[in-house]
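My entries follow the structure.

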Amino acid sequence: MALPALDYELYQEYKIKSMPGKTWKIDLEKGRIKSEQIDGDEAILQAVKLILMTARGTSEIYSENYGTDELLRIDRSIFEIELQNNIIEAIKQDDRISGADGFVFSYPEKNKCLVSFNIIKEDGGTIESEEEMDVPY
């Protein structure tokens, strides 16, 4: 018995889109999962923090593409360009994020960089984010 032919015209009208829902809130200071769930912008900000805290290829629970690349000792101007590219590439692994822009860098401590940027959501909206990153020089 043969299978019925697939109507490719009908199939092409639909776009499969991943829509992550609620997730558990994580207390990053204590390293514990809380008993409350979050979604929307709060869940996206939490996902960005987790992505940026994870070194790419070192986690047993995430794929090889999850996280950020380690930046080597380089000049500050090159560091900022590489960090910006690294952040954009890393956070675009989340289906809800299409990119980032508006990067501003400050250095409150010798080995710390405070990075402010806008997360561009897949739906066109933006979320402001500020992350502290280690400086390799």
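These are my notes, from the whole chain down to a single residue.

**Ground rules.** I am working with a predicted model, where local features need pLDDT of at least 70, side-chain atom pairs count only at pLDDT 80 or more, and totals for chains, interfaces and linings use all residues. Residues are numbered from 1 along each chain as its sequence is written, and side-chain values use heavy atoms, without hydrogens and water.

**Whole chain.** I found 3 helices and 5 strands. These are DSSP runs, numbered from the N terminus: helices are H or I with at least four residues, strands are E with at least two. Along the sequence I read α-β-β-α-α-β-β-β. Of the 137 residues, 28% are buried, meaning under 20% relative accessible area with a 1.4 Å probe, protein chains only.

**Strand pair.** I looked up β3 (residues 97–109) and β4 (residues 112–121), which pair antiparallel over 8 bridges. Pairing requires at least two DSSP bridges between two strands. A hairpin of 2 residues joins β3 to β4. Asp-101 has Asn-118 in β4 as its bridge partner.

**Phe-117.** I then checked its contacts (heavy atoms within 4.5 Å). Beyond neighbours within four places in sequence, they include Val-48, Leu-52, Ile-87, Ile-91, Ala-100, Asp-101 and Phe-103. Ile-127, Glu-128, Ser-129 and Glu-131 are also among them.

Methods
Buried < 20%, exposed > 50% of the residue type's maximum accessible area, 1.4 Å probe, protein only.
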